[in-house]
Amino acid sequence: MEGPSGDGSSASTALEKWKSDFTRKFQYYLDRSTPHPLGRWLGTIGVASIYLLRVYLIQGFYIITYGLGIYLLNLLIGFLSPIADPEIEGLDGASLPTKGSDEFKPFIRRLPEFKFWYSITKAICIAFAMTFFSVFDVPVFWPILLCYWVVLFFLTMKRQIMHMIKYKYIPFSLGKQKYTGKKAPANSSPSKY
């Protein structure tokens, strides 16, 4: 005869199996979304719009939105920064090419695009879930939070742009560069032979 621990272990095993199946399916769909950045970002914009609409209609949860904004700003800095930061490592720019004769080293982000997208989407979903609990609706004067966040955003972006200028890197590329080759001088006439 089985005791009460037999039922608990079978329930625990069933829960672990369900969790394993859910994790595997979730990872499967996450992997399938990897080659579709436009669709992923459109989905995230949709989720963010629903979140912002909810906050607007409820007229609350501004502190959650402020915390989300700070977190998203932190993610953006990681996305725009190189993996080997010369300032942090004290390399004096040795890791990034600074002259035309230096070896080409591609820009590698500290936070890759997929992880950036996934972290943003996950943060917005968590913030959305938090709006269903009144304990997180702390009464604040939202214009002060908004002004502080805007100032923080501009100061942080100014620092990041100055860093990009100092170490001569651009964190974006719009595809492969096209070279047209050498062009013939405009005043030369074609050969008659």
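This is a predicted model: local features need pLDDT of at least 70, side-chain atom pairs count only at pLDDT 80 or more; totals for chains, interfaces and linings use all residues.
**Entry 1: Phe-22.** I placed Phe-22 in helix α1, which runs over residues 4-33.

**Entry 2: helix α2.** I checked the length of helix α2, residues 37-58. Its 22 residues should span 32 Å at 1.5 Å a residue, and the end C-alpha atoms are 31 Å apart, so the two values agree. Next I listed the buried residues of α2: Arg-40, Thr-44, Ala-48, Tyr-51 and Val-55. They cover an arc of only 65° around the axis, and therefore they sit on the same side of α2. I turned to the face pointing away from that buried side and found the exposed residues Leu-38, Leu-42, Ile-45, Tyr-56 and Leu-57. After α2 comes Gln-59, and I wrote down its positive phi, near 60°.

**Entry 3: Glu-87.** I found Glu-87 in helix α4, residues 86-89. Glu-87 counts as partly exposed because its relative accessibility is 47%. Which residues does Glu-87 touch, not counting those up to four places away in sequence? I found His-163, Lys-166 and Tyr-167. For Tyr-167 I also took the separation from Glu-87: 80 residues in sequence, and 9.2 Å in space from C-alpha to C-alpha.

Technical notes. Residues are numbered from 1 along each chain as its sequence is written. Side-chain values use heavy atoms; hydrogens and water are left out. Helices (H or I, at least four residues) and strands (E, at least two) are DSSP runs, numbered from the N terminus. Buried means under 20% relative accessible area, exposed over 50%, partly exposed in between (1.4 Å probe, protein chains only). Contact means heavy atoms within 4.5 Å. The expected span of a helix is 1.5 Å times one less than its number of residues. The arc is that of the directions from the helix axis to the C-beta atoms.
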